[in-house]
Amino acid sequence: MIAVLAGGVGAARFLRGLMLEVEPQNITSIVNTGDDTVLHGLNISPDLDTVTYTLAGAIDPERGWGLENETWTAMGALSRYATTRPPQSRAAPTWFNLGDKDLATHFYRTARLAEGASLTQITAEIAQAWGLDLQLVPMTNESVQTVITLAENCAAGSAGTDISFQEYFVKHHHSVAASGVKFVGSTEAKANGLDILASADSILIAPSNPLVSIAPIRSLAGVDDILAKRRESVCAISPIVNGAALKGPADRLMTELGHESSVVGVAKIYAPICGTLIIDHADAHLASSVEAQGMSCVVTDTIMKSPQVSAALARTALEATR
Ligand code: FO1
């Protein structure tokens with residue numbers, strides 16, 4: 001069994017390659033749910049859906065989230081209420097775009113949660129409905145909310161205010177300065193998949209944001225303990241290439257939160273729990289600095305331009321853990 005710790009877009013592309021190398025039945029991905037949100041009364045799990053839609057070949061390739069050939073009639077109709085909504089109301093938000101077809105997934109998840117099903121069970125049902133054979137596991141069935149603390153007064157609020165991850169990422173286009181990240185509820189929440197992490201042949205950390213995609217999973221009791229004990233079976237792929245994130249705010253957040261925005265910064269975050277870091281050719285000159293953190297370092301192509309590049313990357317990661 002291969003276990004993969006996953007966030008959104010980068011993880012989805014990596015898993016697509018891994019599925020070309022390993023029978024999907026032998027893959028379990030533990031997916032971040034710290035980004036989950038409730039809007040319009042609907043339970044939305046963006047990272048789970050990004051992984052599901054990508055592996056089903058149904059993702060919008062330009063956006064990297066949501067479904068291809070999507071229509072936006074419901075969102076358009078919502079804007080009618082923007083003028084009549086009282087100033088203090090948060091009803092009918094239109095800053096988070098839910099496509100007409102995508103809505104069906106959120107309707108289903110919300111209705112099943114209301115029936116008492118667990119997020120693990122519902123995620124398996126959604127994956128089955130999309131024809132997936134790998135096991136997708138939400139990091140927990142309980143509420144853990146990634147929250148960003150604002151560093152300075154800005155459009156999102158005053159310095160020190162906490163805002164939800166989706167407000168930070170989507171509403172404010174991850175362009176406001178952060179002074180901290182918290183995972184509210186993680187102390188009480190029970191991690192899913194600890195047994196899988198304990199017994200997996202290899203544990204791969206996808207090229208996802210270490211601070212807001214992988215850190216929420218690591219914040220759950222037991223996860224880091226198992227990874228640290230199995231460090232030589234753990235391999236991470238750096239989401240930072242040449243000092244920058246390929247997508248999203250990883251580079252900016254790393255700098256703002258006191259880390260170096262480089263593969264060495266990534267190595268420092270993962271060194272306690274991970275034996276090997278894979279970095280891109282663009283960072284080959286930093287391989288010895290990564291090794292100075294007590295990790296092995298493998299240099300290869302990490303920019304997943306095609307499923308074939310993703311597959312080669314997955315092969316390299318698997319070899320590193322053998
Ligand atoms: N990302 C955006 O940048 N804008 C959106 O309006 C947006 C809507 C959305 C709806 C459903 C979904 O599953 C994902 C969505 N995302 C959107 C992506 C998502 O919020 C982020 O990429 C992740 O949370 C970060 O991993």
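**View 1. Helix 13 and the elements around its buried side chains.** In this predicted model, the buried residues of helix 13 pack against strand 1 (2-6), helix 1 (9-21), strand 9 (202-205), strand 10 (234-237), strand 13 (276-280) and strand 14 (296-300). The residues of helix 13 that are buried are V309, S310, A311, L313, A314, T316, A317 and L318.

View 2. Is T316 buried or exposed? Its relative accessible area is 17%, and since a residue counts as buried when this value is under 20%, T316 is buried. Leaving aside residues up to four places away in sequence, T316 touches I278, V298 and T300.

**View 3. The crossing of helix 1 and helix 13.** The axes of these two helices, helix 1 and helix 13, come within 7 Å and cross at roughly 75 degrees. Helix 1 and helix 13 are therefore roughly perpendicular to each other, because angles from 65 to 115 degrees are counted in that way. On the side of helix 1 the contact is made by R13, F14, R16, G17, L18, L20 and E21, while helix 13 contributes P307, S310, A311, L313, A314, R315, A317 and L318.

View 4. Strands of a sheet pair through backbone hydrogen bonds, and the pairing may be either parallel or antiparallel. In the sheet shown here, which is open, the 3 strands follow the order 7-6-8 and their pairing is antiparallel. Strand 7 (162-164) and strand 8 (178-184) stand at the edges, where each has a single partner strand, so one side of each is left without a neighbour in the sheet. From one strand to the next, the twist averages 30 degrees. Strand 6, which covers residues 145-150, pairs with strand 8 in the antiparallel sense over 6 bridges, and the bridge partner of T149 in strand 8 is G180. Helix 8 (residues 210-218) packs on the sheet and touches both strand 6 and strand 8, with its direction making about 25 degrees with that of strand 8.

Methods:
Residues numbered from 1 in each chain as written. Predicted model: local features only at pLDDT ≥ 70, side-chain atom pairs only at ≥ 80, totals over all residues. Heavy atoms only, no water. Pairing = 2+ DSSP bridges. Helix = DSSP H or I, 4+ residues; strand = E, 2+ residues; numbered from the N terminus. Axes fitted to C-alpha atoms, helices over the stretch in contact; angles between N-to-C directions. Contact = heavy atoms within 4.5 Å. Buried < 20%, exposed > 50% of the residue type's maximum accessible area, 1.4 Å probe, protein only. Parallel < 35°, antiparallel > 145°, perpendicular 65-115°, else oblique.
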